[in-house]
Amino acid sequence: MSTASVPLPNWITYGLMPFLNLVVAFLISGVVVWFIGENPLEAVKLLLQGALGNGEGIGFTLYYATNFIFTGLSVAVAYHAGLFNIGSEGQAYVGGLGAALASLALDHYVPWYVTMPFAVIGAAIFGAAWALIPAWLQAKRGSHIVITTIMFNFIGAAMMVYLLVHVLIVPGKMAPETRVFLEGGQLPKLDWLIALFGGRLGAAPFNVSFLIALVMCVAVWLLIWRTKLGYEIRTLGASSTAAVYAGIPYVKTVIITMLISGGLAGMMALNPVLGASARLQVEFVGGAGFVGIAVSLMGRSHPLGIVLAAVLFGVLYQGGDALSFDMPKITRDMIVVIQGLVILFAGALEYLFRPAIVRVWQRFGKA
Amino acid sequence: ADIKPALVYGTGGKFDKSFNEAAYTGAEKFKAETGIEYRDFEPTGDTQGEQAIRNFASKGFNPVVAVSFAWTSAIEKVATEFPDTKFVIVDAVVDKPNVRSVVYKEEEGSYLVGTVAGLFSKTGKVGFVGGMDIPLIRKFECGYDQGARAAKAGNDVFQNYVGTTGAAWSDPVRAGELTKGQIDQGADVIYAAAGASGIGVLQTAADQGKYSIGVDSNQNYLHPGSVLTSMVKRVDLAVYNAFSDAKGDTFTGGVQALGIKEDGVAWAYDDNNKPLITPEILAAVEKAKADIVSGAIKVHDYMSDNSCPK
Amino acid sequence: MSPSPTAAPAIELIGIDKKFGAVHANRNINLTVAKGSIHGIIGENGAGKSTLMSILYGFYQADAGAIRINGQDTVIHDSQAAISAGIGMVHQHFMLVENFSVLENVVLGVEGGALLGRGVSDARSALKRLEADYGLEVDPDAIIEELPVGLQQRVEILKALYRGAEILILDEPTGVLTPAEADHLFRILGVLRDQGKTIVLITHKLREIMAITDTVSVMRRGEMVATRRTAETTVEELAELMVGRRVLLRVEKGPASPGEVVLSVRNLTVKDGRGVVMVDDVSFDVRAGEVVGIAGVAGNGQSELLEAITGIRKPVSGEIMIHGQPVAGFDAARLRALGLGHIPEDRHHMGLVLGFEESENSVLGYHRDGRYGRGPLLDLDACRDDAKAKIEKYDIRPPNCRLKTANFSGGNQQKIVVAREIERDPSLLVVGQPTRGVDIGAIEFIHRRLIAMRDAGKAVLLVSVELDEIRSLSDRILVMFAGHVVGEKTPDTGEQTLGLMMAGIAA
Amino acid sequence: MENLDLISILGSTIRLSIPLIFTALAGLFTERAGVFDIGLEGKMLFSAFAAAVAAFMTGSPWLGLLAGITVSVLISLIHGFASITNRGNQIVSGVAINFLASGLTAVLGQAWFSQGGRTPPLAASARFTEIVFPYAAELREMGFFGRFYANVISGHNILTYLAFLAVPAAWWVLYRTRFGLRLRAVGENPGAVDTAGISVTWLRYRATICAGILCGCAGTYLSIAQSAGFVKDMSAGKGYIALAALIFAKWRPVPVMLACLLFGFLDAFANFMQGKSVPGIGEVPVQIFQALPYVLTCVLLAGFIGVARPPKAGGVPYVKER
Ligand SMILES: Nc1ncnc2c1ncn2[C@@H]1O[C@H](COP(=O)(O)OP(=O)(O)OP(=O)(O)O)[C@@H](O)[C@H]1O
Ligand SMILES: Nc1ncnc2c1ncn2[C@@H]1O[C@H](COP(=O)(O)OP(=O)(O)OP(=O)(O)O)[C@@H](O)[C@H]1O
Ligand SMILES: [Mg+2]
Ligand SMILES: [Mg+2]
């Protein structure tokens, strides 16, 4: 008998199964560490210490988490509509342009809190714009959005490099990046927030973007579960034929969803560009868009789950940095390995343990 | 004084047979001579450098040497946060009292290897393959260009760059392809100033039976008989000096511009390339060297006006 | 093995049991089919007919039970085993590779060697032979997706015969056929039987059973409830066995009092997804206070007609008017705003989002309405209160509006749809197959509701392939054949006459 | 453009196209069988690493090739396990493989060799080096065709010729063998294959193994034929370009080769055009050439130049029982 359609309680589906998948991913990562000749337990200790051991570590962890919240939300919103947006990476990259232009234009004249709304809107608009063509191609011409968004990641990267190298670069400087924004173009750090818990933020670039990210979580939650548009998005994702039956306009909904998704991805740029380095650099996204896929999968496309998953990945990133510093044999690429394993087990192999769990559940759980 | 020195490499990796490896050599030499341990770190991405530098500083390491211009703004920031720590940045200038900026007159060293190339070439065509297209690498190219043209009237210089982002430092495939293109156009000596991508240039030249010029470290040994010479940039000295100055309490901030006169740049002449270098070439290079030191030859610095006289 | 009177039965199924998760599709089923006979299997939708035959064909694995072929215990663990046991099956949903040629489809799986050359040319001549033997002509080089369904089915039969099938299973073969095509098929089946082949025919059309089978079995809710010799049973008995109690398909209703025209269709032409004209220049009216039924064999354009009227498919030409307003090309949302209610043919794919809570489904299509939240917001409490009221009124079970819709049974799912569409009090209600796969109690309930709508002065357009349903509910009957409305009749018209019209023979 | 330059660009085109051809053919096999494969990039990278390590350790390019293929097949099997056996999301599985490849090769490379994730340079004997055809040197001086023979036809390594052989071979397998017929069928309608008594699972696994072998060749080419060692992230998006080429070619073998050659040509042309200015336009930024394959593919997908109809069952795990 097939076990696939046996219903399981939510705590198993949303709690136990992701947890088991994570455990396996981490066990295999441990094997890799051991294989390299380091002690996995020691590595875990260093990782957790580096990520959560002090205010600065926590600051970095949350800084990375902020990136992943944005991209995770971006992937999730599209996913609710049944669209697989692999393009968050490129949308975030282009979104950086919008954020940077706002700062470059305003930082001389106004304080940060005046710049911020413009930067947020700029980032969102540019990110959304980068999602528009794949969305349109999907909606009107039926081109598979996975493929087009992959293509647009590359096109976006080429465009951004061109702009940074030829247009935005500061004459005479080596690196292809914009000038450093003045204070009016930066997002202030959240030292006070860490101080509230008795920590010291130190140099960690944990900044106001985090709060924007949390606001976006609430906004996405509201959008998906408390608005008519969200209802339409979910209907489209769950059954495109039912959506037609209900008179939900396919083209419009796909495009709006992707614009929102792209806008969220674009806003991710606020964190590194305005919050951390105070300038637009090449490749500043650094794979956060792809991490967003993992975060969204793990978080089951729910903002709360996304925050948790994003923090987990933040811990991995920051802890991985600390780890590679203290165990030079383990380079930072180890994080990428762990990510890959998490995506594999929590995403592609998410049902690996289901049959076994169902059997156990049927025998003992239902009583 | 008791010191805890630390070294942060550029993104090419410690054993890039070139720039970073030179820094490593300097640190190892210091360790061998003094027995003082040092810590080093190989960032694999741009955001990591700053964290590593800050980590070292906050853990009490002093001096902290960062090789690569990529860490310019990182040093700028961290040096402000840790005013009591001594920093060294190589290949860029940071104007802080506790920072020593070591820059090289690469145009002078490149002029020398350009002279070698210009005289050695049978076809009168020589090539240059740069890594990332930035003014610093243009500076190499420009010196090389001047040397090659001065060596023999009518010499032609081709130039290519691997890319415009950090990835350009580690793309030997594209570098090799660009080299092949230059060889197809008739070049028989190609100068690589491309970090780890340069490996591809040297490899391709060797595969094609042509000649190459290495950079930063002495790379003559990589393909003996094919690597004509190397433009040696004494990054090892910068590291070594930083460590020993700190140890001897003689560390000073400010800019050090090292040229041929200061032994900061040179051309490599050793057993590996001895058979290739004719006495005429040897003489011409030594003369050029003397002329540069004496000021009789003024090699134009691309970065002074962002242009190269052609 | 030549057939002899004492020969072992061709098929014996012993204690077959199969569950799909929570659904018990086959319960301890026993079945015997004699060699050289045509055996019919009937049963309502979801009774488990396809499942049983797919187990025989090795497509599914039974959880328990044994299979005996020609008296021999046979383990059928995959379709390969079934094929070597001489079993062939024409599936309800064709198993053809659409962009392959007929020939490629026929040889798939029996290529006769690692390379294609020889096997394919052998197959070509074999096809010629089969064509001659059974009158199954089809161009071997035609691409499947360019063939009409009737020919596609022929390819499926050829596939089975080419594999040397002695036992041929046909799962609802006539659902997609015109009566003429169905007749042709039955003639072929007759020829096959006369040559000693054993045929199992699944259908829910009792008339077909009576016409062609030797024996017949009835399935209900996963169980095999009876087997009869066709000659010794009647349509009435079979119908009763199928649904489990005496069928009372007459609905009490008074005479209609039609008012003004609500829906007016003029010269409507509609193409399906493949670009084939399915509705061709159709015109008719539906008035307030009457039920207009559209009868026809499935696939004669009724679905496309419904889809065009309800805004799911854009018509190619012609006009649709509701209360005199032209609405062709409007989407479903705009049509709803004009007072159109729509109970779709396919509740699983259209009428409901199975993954949603019941309360969410009870506003589907009306979610933009102000009563479910101000402005862009969706008021979940309002939705749930609304759902609870409907659950009460329509006796939807279990009465839990937070339960996932997938967990409701088919009949209750249909009630959710019916409640939603009727409670909005539309002036025009378009209904497709309202009782497909629904139990008898729910059928009566739904039928009464539809009549109540009519009596309240609403216009009702009903499409159903169940002639009985059409005849008992409608005030006027339009018969569709090959995309045309071939005639209008009153509900007391004889089944015979309607059947001929549906076959395109009489007008 | 002079003839000489054209020859040079064409030679470069060939070299740059080879990994694309192998990889796109790999994608052809899996996607034709109904399994989406955006993990091509990762497989190529894994095999490049394995080939370089093995060639370095053993000194034999053939053992390098074997290692490259073995590892790539293993990764393919992981993809198969996730997407065929476990019916997981094929896109997600591909993304995971790409992450794993990029991370694991760098981690192991650095741990084993401490060269910034690179493997040590390989000696010529541990690599696939150029094969010079008879009379190439003589013909080189004999006009355009001589040069074409010497620089474009001759002078490549064995894997290059293998790639060009793989194209008709793939065509032949797909259209002239039983395996190919079944493979194409399973990508369109797995039910048809299943009811014909053929195991959908095993068939799809075999398709992914084919892809593994081809990706293994691609990776091996990168690290021990085109270059003399592995470099971190050396696949540099070629897997995605190959995917684009596959779509551009509408999942057909010979057009796949042509699309790969086109994209290779764009790359070679971009290298050639570097620093040269086009009359009337000025210097064309290399980024234009870099983006062009992706732009072209999107234009194709938009249906402006023909329609790319993907295999119907592509991306959908075969579910018989819910
Ligand atoms: N692959 C499957 N996975 C899960 N459930 C299934 C599957 N196939 C059928 N079922 C369920 O098993 C039951 C019997 O289905 P089956 O298709 O055998 O019915 P049927 O008698 O052929 O009906 P119909 O007349 O509609 O074809 C139904 O409840 C159906 O939903
Ligand atoms: N897809 C599904 N997912 C989960 N549970 C299901 C699914 N389909 C059916 N069920 C469960 O199986 C039970 C039987 O469903 P089924 O549709 O066969 O009911 P039924 O006996 O035909 O009822 P009705 O007469 O109302 O149609 C349902 O009550 C439901 O709980
Ligand atoms: Mg059925
Ligand atoms: Mg039912």
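1. Polar contact between chain D and chain A is limited to 1 residue pair, counted with both residues at pLDDT 80 or more, in what is a predicted model. The rule also finds 1 salt bridge across this interface, and D:Lys232 forms a salt bridge with A:Asp333, with the closest N and O atoms 3.5 Å apart. Given the cut-off of 4 Å for a salt bridge, the separation of 3.5 Å in D:Lys232 and A:Asp333 falls within the rule.

2. On the side of chain D that touches chain A, at least two residues each are supplied by α3 (61-85), α4 (90-113), α11 (238-248) and α13 (286-301) of chain D. Of these, α4(D) provides the largest share, 16 residues. Sorted by class, this side of chain D holds 29 nonpolar, 11 polar and 3 charged residues.

3. As for extent, 43 residues of chain D are in contact with 45 residues of chain A, and the two chains bury about 3,700 Å² between them, with 80% of that area on carbon and sulfur atoms. Among the 5 pairs of chains in contact, it is chains A and D that share the most contacts.

4. The interface of chain B and chain D may be read in the same terms. Here 25 residues of chain B are in contact with 29 residues of chain D, and about 2,200 Å² is buried between the two chains, of which 41% lies on carbon and sulfur atoms. Chain B and chain C, by contrast, do not touch, their nearest C-alpha atoms being 40 Å apart.

5. Between chain B and chain D the rule finds 4 salt bridges, and one of the salt bridges in the model joins the side chains of B:Lys180 and D:Glu130, at 3.9 Å from N to O.

6. The side of chain B that touches chain D draws two or more residues from each of β7 (156-163), α6 (172-184) and α7 (198-207) of chain B. The element that gives the most is α6(B), with 8 residues. This side of chain B divides by class into 7 nonpolar, 10 polar and 8 charged residues.

7. Within chain B, an open sheet of 6 strands is arranged in the order β2-β1-β3-β4-β5-β11, and its pairing is parallel. At the edges stand β2 (39-41) and β11 (254-258) of chain B, each of which pairs on one side only, while the twist from one strand to the next averages 15°. Inside this order, β4 (residues 87-90) and β5 (residues 99-104) of chain B pair in the parallel sense over 4 bridges, and B:Ile89 stands opposite B:Ser101 in β5(B).

8. Chain C also has an open sheet of 6 strands, here in the order β6-β7-β8-β3-β9-β10 and with mixed pairing. Its edges are formed by β6 (87-90) and β10 (223-229) of chain C, each with a single partner strand, so one side of each has no neighbour in the sheet. Neighbouring strands of this sheet are turned against each other by 15° on average, direction ignored.

9. Two details of the chain C sheet can be checked against the coordinates. Strand β3 (residues 38-43) of chain C runs parallel to strand β9 (residues 215-220) of chain C and is joined to β9(C) by 5 bridges, with C:Met219 in β9(C) as the bridge partner of C:Gly43. Helix α5 (residues 149-162) of chain C lies across β6 and β7 (167-171) of chain C and runs at about 170° to β6(C).

10. Some backbone features deserve a look. Most residues other than glycine have a negative phi, and most peptide bonds are trans. Another cis peptide bond joins C:Arg397 and C:Pro398, with omega at about -5°; C:Pro398 is placed in the loop between α13 (380-394) and α14 (410-423) of chain C. C:Asn70, although not a glycine, has a positive phi of about 50°, and this residue lies in the loop between β4 (64-69) and β5 (72-73) of chain C.

Key. Residues are numbered from 1 along each chain as its sequence is written. Chains are lettered from A and ligands numbered from 1 in the order in which they are written. This is a predicted model: local features need pLDDT of at least 70, side-chain atom pairs count only at pLDDT 80 or more; totals for chains, interfaces and linings use all residues. Side-chain values use heavy atoms; hydrogens and water are left out. Two strands pair if DSSP finds at least two bridges between them. Axes are lines fitted to C-alpha atoms, for helices over the stretch in contact, and angles run from 0 to 180 degrees between N-to-C directions. Contact means heavy atoms within 4.5 Å. Buried area is the accessible area (1.4 Å probe) that two parts lose on being put together, summed over both. Ala, Val, Leu, Ile, Met, Phe, Trp, Tyr, Cys and Pro count as nonpolar, Asp, Glu, Lys and Arg as charged, and the others, Gly among them, as polar. A polar contact is a pair of N or O atoms within 3.5 Å; within protein, one must be able to donate a hydrogen and the other to accept it, and residues adjacent in sequence count only if both atoms are side-chain atoms.
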